[in-house]
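Subject: Handing over the structure

Dear colleague,

I am passing the structure on to you with this email, and below it you will find what I noted while going through it. Please keep it open beside you as you read.

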Number of protein chains: 2
Amino acid sequence: MTRAYDIAAFRARIGAMRVEDNPTLVKQKSRDFYWYSPVLKRELDAVTADIVVSPTGEAEVIAVLAAAHDLGIPVTPRGSGTGNYGQAMPLTGGILLSLADMNKVKAIAPGQVTCEPGALLIDIDRELAASGQELRMFPSTRGTASVGGFVAGGSGGVGSITWGGLRDFGNVIGLRVVTMEGRPRALDLSGADLHKAIHAYGTNGIITEVTMPLAARTDWIDVIVGFDGFEAAAAYGFALASQDGVLKKLVTAVAAPAPETYFLRHRAMIPPGSSVVIAMIAPHSFDAFEAFTRPSKGKVLFASHRAAPETLKGLPPNYELTWNHTTLRALRVDPSITYLQARYPPPDPLKLIKRIHNAFGDEVIGHLEFVRFNGRIDVAGLPMVRFTTEERLDAIIRAHEDMGAMIFNPHRYTLEEGGMKQTDAIQLAFKRETDPQGLLNPGKMIAWEDPSFDFKAGKNFLFPGLEARAEAARG
Amino acid sequence: MTRAYDIAAFRARIGAMRVEDNPTLVKQKSRDFYWYSPVLKRELDAVTADIVVSPTGEAEVIAVLAAAHDLGIPVTPRGSGTGNYGQAMPLTGGILLSLADMNKVKAIAPGQVTCEPGALLIDIDRELAASGQELRMFPSTRGTASVGGFVAGGSGGVGSITWGGLRDFGNVIGLRVVTMEGRPRALDLSGADLHKAIHAYGTNGIITEVTMPLAARTDWIDVIVGFDGFEAAAAYGFALASQDGVLKKLVTAVAAPAPETYFLRHRAMIPPGSSVVIAMIAPHSFDAFEAFTRPSKGKVLFASHRAAPETLKGLPPNYELTWNHTTLRALRVDPSITYLQARYPPPDPLKLIKRIHNAFGDEVIGHLEFVRFNGRIDVAGLPMVRFTTEERLDAIIRAHEDMGAMIFNPHRYTLEEGGMKQTDAIQLAFKRETDPQGLLNPGKMIAWEDPSFDFKAGKNFLFPGLEARAEAARG
């Protein structure tokens, strides 16, 4: 097995920093939740770094990047590895830069918090509690995900029903990123410049500090509302999402039989055949929520503030039934499940959802997340799919697109193929400036790797570095 | 001059309560901002109560209502008299029930505050500051308006861009209302029952306690953005309103020449011919606001956090340039100005606004308020109108309706004619229960006064009691 990178020289350059080179442990840290996707599982299974480095501050990050730059070693940043598309997986090996030890909350002010990138979202919220504030949004992996990873690899989640997505103006206030150069610079980004680095997978800078906006801390009430059919659940979810006066952090709809089959700890409360809406409601909006719900077809199956303490003790929080956790719960019961990421655009998302739901039967199990988008309620989908073959998966995706849904393919490891299927000129230009040698998280930005790639040709991007590395590992 | 009511007997019944019967002072207190409307000014100019009573607590309210009920004397409640449609004007005289002395903030909790009805909105916010909270919304008359009057006579205002209107679920949490019966009852309303009494002008119960939801206290930055034309200002306002991640409390657009002509204290900063967007932005969203604004056609003319203290000292807060204060400022400069209340419904409010704006030239000066409505951005209008005759005013209203705008006629003193032009069955049913003799704020609910009134006949409702009273006063 050949080693292309001079790791020994790198170690000598960085001195006393914490590193890990035990191959088993390095491989563990080189993973995220890519195995949600049978496609990525096949493609990325051999991926591993050569070494994991864990800096404790920006000066050490700069030292790592300077050394790696001089030695031509790729660097892939990692928060907690809770991504789903290999965001933090080092496709060509090299250095895995773990930001987990940079986890301090540095400053709390009215409306904003400044943290190191490795700070866990749940820990940030804990530290914010005394100021009566909380993060506007977090992924369902809140308990283990870091704020830097969320900004670099996520797009929104719990809280998006009120605030929209991470890339909307105002949902990230500031980022400090270090460049991959002989003399790395630390750049402070704000305003429109934030778009250079948000959701760029660390391909154009290493985030060393994050400033996030806050909302009023709220003791959210977890509620689950049951419906006889998915169509009724979806319609109710959309209408609840549209209640501007009802303060909420989450509105999710999940089709039968997922709730009774996959939500193991909640099973006792879910009548067979139920589709459900899962929500988080502010206590001072609960009366309004109930008044709104009463004339609907739904039945409140669960409200956490009324549940017995012994019941609550056994239950995960509602947000761990939603977003990517819905798929996770399904996978734990049925390993053949995978998923899609969809958007059902106006003018009539509910009609489109019904059509798609009816088209696939049990092969595609509906899962909707209601969010704000450009000032209105938008419906995102993370439908669960019973996987058979990659060809069938592609056919299901095409059928969705043909019916009018937009698919953000979670079975691709590149920014473009998982996103808008086009070059992000701002992120590309920033990479030219911050990473002229293309050493940051290689293989994730097609626009950099292969400027002539034709997104309309219907072919997957295959990163040559990934193939070469896999071959070398096998050899 | 005949007096129909036995005020002496009433005074004997209520004992030592504070009352006012000096006719000049009583007439002063029998007024609101009805004179915004030349129509209401003509119709209501003679209106006055016989006596003003100022209870200091619910027990005294009950004593007043019991006595008035037994003596058959009408009772019209009043907060601060900041309404615009005669909401608090006693059309048939009788008792004006001033709630101004019931102004205590009774309880502050996370997310909600409970007050007596006469508490001023600005005072409530002052008392909330220590808890890091503020009211979700207030009218532009925040400095003088009471919370009870707001709930009974208002519909939304500053804050509606985030939270929707007062009648949306969740924007009022609780009301306690006293009935007009021989033995008045105090009823606690919550959930869907709130719709019985919100925006009912006190026709079906006297509000003695209000519980309102709260938001995080924010040191709002007042900004004014200038544009060369109203169309550009309207488009920018709509787009700013649609920025889900930018925390804001107000987005207003006002067409030239109103800003330079009527905003006297802001004149120096407004280039001639400018249409403006007036907004309140959270400090932690200001960077995002600027990043959003920079590529627009607008120019930031004013941002309060950058203004010199001596500049700020001379300026009213931004919200006192908006909602009904826009008209007020116009009236102070040009007494011939009056106004309309409009909604420009989907699918293309901006196109409709442009069409209307072009149709009337200088006779109708555009004024838009962006609000949330059913989960999306809605455009309300309070256009200023150069008044000539009532016939012309009606023609302008009809032309608006013919082009597709909805008009909520502010030149009418009844609930229905100023609103949806139909019976509110819930409020009517509640009045049957709470005020069987029809003594509360008579003449305001057509459904009660004249169940056979045909809203489609195109005729104004004329309350016979008002005419009789005016005649008696003249006689």
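In chain B, the residue B:His284 sits in the loop that runs between β13 (275-281) and α10 (286-293). Please bear in mind throughout that this is a predicted model. Although it belongs to a loop, B:His284 has a relative accessible area of 10%, and because anything under 20% counts as buried, it is classed as buried. If neighbours up to four places away in sequence are set aside, the residues that B:His284 touches include A:Pro110, A:Gly111, A:Gln112, A:Arg136, A:Ile173, A:Pro213 and A:Leu214 from chain A, as well as B:Leu247 from its own chain. The C-alpha atom of B:His284 is also separated by 9.9 Å from that of B:Ile221, a residue 63 places apart from it along the chain.

How are the two chains related to each other? Chain B can be laid on chain A by a turn of 180° with a shift of 0.0 Å along the axis, and the RMSD is then 0.0 Å; this is the relation of a two-fold axis. In chain B, the C-alpha nearest to that axis belongs to B:Arg376, and it lies 2.2 Å away from it. Both copies use the same surface, since 100% of the contact residues of chain B recur in chain A.

Leaving out residues up to four places away in sequence, A:Ser30 touches A:Val47, A:Thr48, A:Ala49, A:Ala88, A:Met89, A:Pro90 and A:Leu96.

The largest cavity has a volume of about 100 Å³ and is lined by 15 residues, with A:Phe169, A:Gly170, A:Val172, A:Gly191 and A:Leu194 lying nearest its centre. Its lining divides into seven nonpolar, five polar and three charged residues.

With best wishes

Definitions and conventions: Residues numbered from 1 in each chain as written. Chains lettered and ligands numbered in written order. Predicted model: local features only at pLDDT ≥ 70, side-chain atom pairs only at ≥ 80, totals over all residues. Heavy atoms only, no water. 1 Å grid on protein atoms, 1.4 Å probe; cavity = no way out; pocket = protein on both sides within 12 Å on 5 of 7 lines; lining within 4 Å. Points joined across faces, edges and corners; volume = space filled by probe spheres on them. Nonpolar A, V, L, I, M, F, W, Y, C, P; charged D, E, K, R; others polar. Helix = DSSP H or I, 4+ residues; strand = E, 2+ residues; numbered from the N terminus. Buried < 20%, exposed > 50% of the residue type's maximum accessible area, 1.4 Å probe, protein only. Contact = heavy atoms within 4.5 Å. Least-squares fit on C-alpha atoms with pLDDT ≥ 70 in both.
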